[in-house]
Each structure stands twice: as C-alpha cells, then as structure tokens.
Amino acid sequence: MFLQQFINGLVIGSLYALTAMGATLIYGILGILDIANAGAYLIGAYLGWYIFYATGNIALAFLLSMAAVGLLGVVLQRLIYSPILAKPRTLSIIPLVAAVGLFTMSSDAVRLICGAGTKAYNFKFPVDAFHLGGVTILPSWVLIFALTAVLLLILWFILNRTRMGLAWRASAEDAEISRACGVNTNSAMALSYILGYGFAAAAGIMVGILYNSITPALGEVPSYKMLAIIVLGGLGNPLGTVIAGLLIGLAETLLSVYTKIPIPKDAIAFVVLIIVLLIKPSGLLGQKNKV
C-alpha cells in the first residue's frame, strides 16, 4: 500500500534530517563539511545503549548521551577545527580531511572499546503496533516522529527567538562583520556543535531502537549520505536540510518499492541530488551567492 510506504519514507527521512542538521549548522558558520558528525551519531548510539542498560531509563539515555556528545563536539571545535581555520592561507580541504580522520578514529575507537559485535537495545514499547485501516504504525515510528518534531521545534525556537540564535544567524551570514559588530561568534560556534552533535546522538539512539541493533559500522552510510542531504537542501540552510532529508527518505523508499532501478538503495540519494542540482544548482533552498 502506498500510504504504508509513504510513512516508512517519512520515518527514514526524519532520521536523515536529524543526522544532517549538525553538519548544516556547522557549515553555516565555519564553512566546512564536518564528516565527524557521523561519528557523533555512532558514539551517541553506543553511549545511549550503555546508559539505558545501566539505568533502564530511555529518556535519561537520550538526555545524557546528547549532552555528552554535544560537549564532545565543542571540545573538537576548540582543539582541532578552530586552530586549523585560524592559520593563514589554510586550504579549504584541510578541515574536511581532519573531519574524515576524526570519523575514522571514532569508528575504530568504538570497535576497540565496545567490540565489533552487534548490540541490541531491546527496548520494549507498551504496544506492538497501531493499526489504522490497512496501515500499520510501529511505536518506534511514533517515537521517531515525536522526538524529531520536538528537537526541530527547539532548534527553530533557539535560532529565531533567542539572542544566541540571533548570534548564530548573524555569524552564518558574515562571521567577520558580526565579530566586528560585537557578536560573540565563539558562542555561536559552540551552539552549532552542541546542537548538531547532540541531534546526531539522538538520531543514533533512535536508529538503535528502530532496528534493535548497533554496530561500529553504524555511521558509515550517514557519513556520506548527509553530504548529499545538506548540499541538496542548500548549504547551511536548516529548513532546506529538513526538506531534503524527508525527500531523500521518501525517494529511497518509494523508488526501491515501486520501480526496478538497477542501483543500490543507498545510491538513490545521489541520483536525486544530481537531478535537483541540474535544475537548481544552489540546492532546494540555497542562495546563489553562498554556493
């Protein structure tokens, strides 16, 4: 049934949007593609698993994991990215190479510390499924929709209704002028990493609950797929990232079910990206002067 597959696509797309949001916020200010955000996704999933099994409280697992991974992001920004970007005549590819290295290190560290085997969340919901007509909705999907909506609403409120959000938007528009006008761009950068890495950690936990398994390879697909999403949405545009994430999730689900295209499912994101960029090179909501 089409409606069933449509809902499946929205679930996947919500996770994609949440995972890529961190890279979008970071690109908005620093202008770098932070692949290490996929490492936050991986570390968040594992940290959440350990907290859940230690406390039996999934809400506490989300909160503590998001907070810890968000602080880790700030540490990486202060110790690695900022010193690299502060050097004169730094090639734009250098931060990207550093991000790839950090992601590789995070995957290997998780494999060495936590083992290469699969871990299962085994989180039990009060009901097995909801049935609405011919559509089956799993409680894990409801959790993903609800938590994604709450986190994105929090993000919207912070960016549009707080002084810190105003500082982020000003810094994303022009960091040098904002700094000259007295805007605390360092705080805006820290906000990007706290929110971005925290959101990625939440997405990692939700994937663990959805599929009831996590492995050290969990971040490999998101590491390159989120690049397609943030470029498709318009580099540095949070709303564009949400739309692009949902679009990719729907495209992967519907095309893999209703067509017989001879490409892997995970490659569909790049097919959609190429088609959209041929029509609109700046992305869905991107501005020409920022691409």
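Which residues is Ser14 in contact with, leaving aside its neighbours within four places in sequence? They are Ile144, Phe145, Thr148 and Leu246. Contact means heavy atoms within 4.5 Å.

This is a predicted model, in which local features need pLDDT of at least 70, side-chain atom pairs count only at pLDDT 80 or more, and totals for chains, interfaces and linings use all residues. Residues are numbered from 1 along each chain as its sequence is written, and side-chain values use heavy atoms, with hydrogens and water left out.

Ser14 is found in helix H1. Helices (H or I, at least four residues) and strands (E, at least two) are DSSP runs, numbered from the N terminus. Ser14 counts as buried, at 7% relative accessibility. Buried means under 20% relative accessible area, exposed over 50%, and partly exposed in between, with a 1.4 Å probe and protein chains only.

Leu15 also sits in helix H1. Its relative accessibility is 5%, so Leu15 counts as buried. Apart from neighbours within four places in sequence, Leu15 is in contact with Ile144, Ala203, Met206, Val207 and Leu210. Leu15 and Ala201 lie 186 residues apart in sequence, yet 11 Å apart in space, C-alpha to C-alpha.

**Helix packing**

Two helix pairs are listed here. Axes are lines fitted to C-alpha atoms, for helices over the stretch in contact, and angles run from 0 to 180 degrees between N-to-C directions.

| Helix pair | Angle | Axis separation |
|---|---|---|
| H1 and H9 | about 75 degrees | 9 Å |
| H5 and H6 | about 80 degrees | 5 Å |

H1 and H9 are therefore roughly perpendicular to each other. That term covers 65 to 115 degrees; under 35 counts as roughly parallel, over 145 as roughly antiparallel, and the rest as oblique. From H1, the contact takes Tyr16, Thr19, Ala20, Ala23 and Thr24; from H9, it takes Pro222, Lys225, Met226, Ile229 and Ile230. By class, that makes seven nonpolar, two polar and one charged residues. Ala, Val, Leu, Ile, Met, Phe, Trp, Tyr, Cys and Pro count as nonpolar, Asp, Glu, Lys and Arg as charged, and the others, Gly among them, as polar.

H5 spans residues 139-161 and H6 residues 163-173. H5 and H6 are likewise roughly perpendicular to each other. Ile158, Leu159 and Asn160 of H5 meet Gly165, Leu166, Trp168 and Arg169 of H6. The residues of this contact divide into four nonpolar, two polar and one charged.

**The second largest pocket**

The second largest pocket has a volume of about 330 Å³. Of its 18 lining residues, the closest to its centre are Tyr16, Tyr41, Val221, Pro222 and Lys225. Helix H1 (2-30), H8 and H9 each give two or more residues to the lining. H9 supplies the largest share, six residues. The lining divides into twelve nonpolar, one polar and five charged residues.

On a 1 Å grid over the protein atoms alone, a pocket is an open set of points with protein on both sides within 12 Å along at least five of seven lines, where a 1.4 Å probe fits; lining residues have an atom within 4 Å of a point.

**Two asparagines with positive phi**

Asn122 has a phi near 55 degrees, a positive value in a residue other than glycine. It lies in the loop between helix H4 (93-114) and strand E1 (130-132). Asn122 is partly exposed, at 40% relative accessible area.

Asn212 has a positive phi of about 55 degrees, although it is not a glycine. Its loop runs between helix H8 (185-211) and helix H9 (220-233). Asn212 is partly exposed, at 32%.

Definitions and conventions
Grid points are joined across faces, edges and corners, and a volume is the space filled by probe spheres set on the points.
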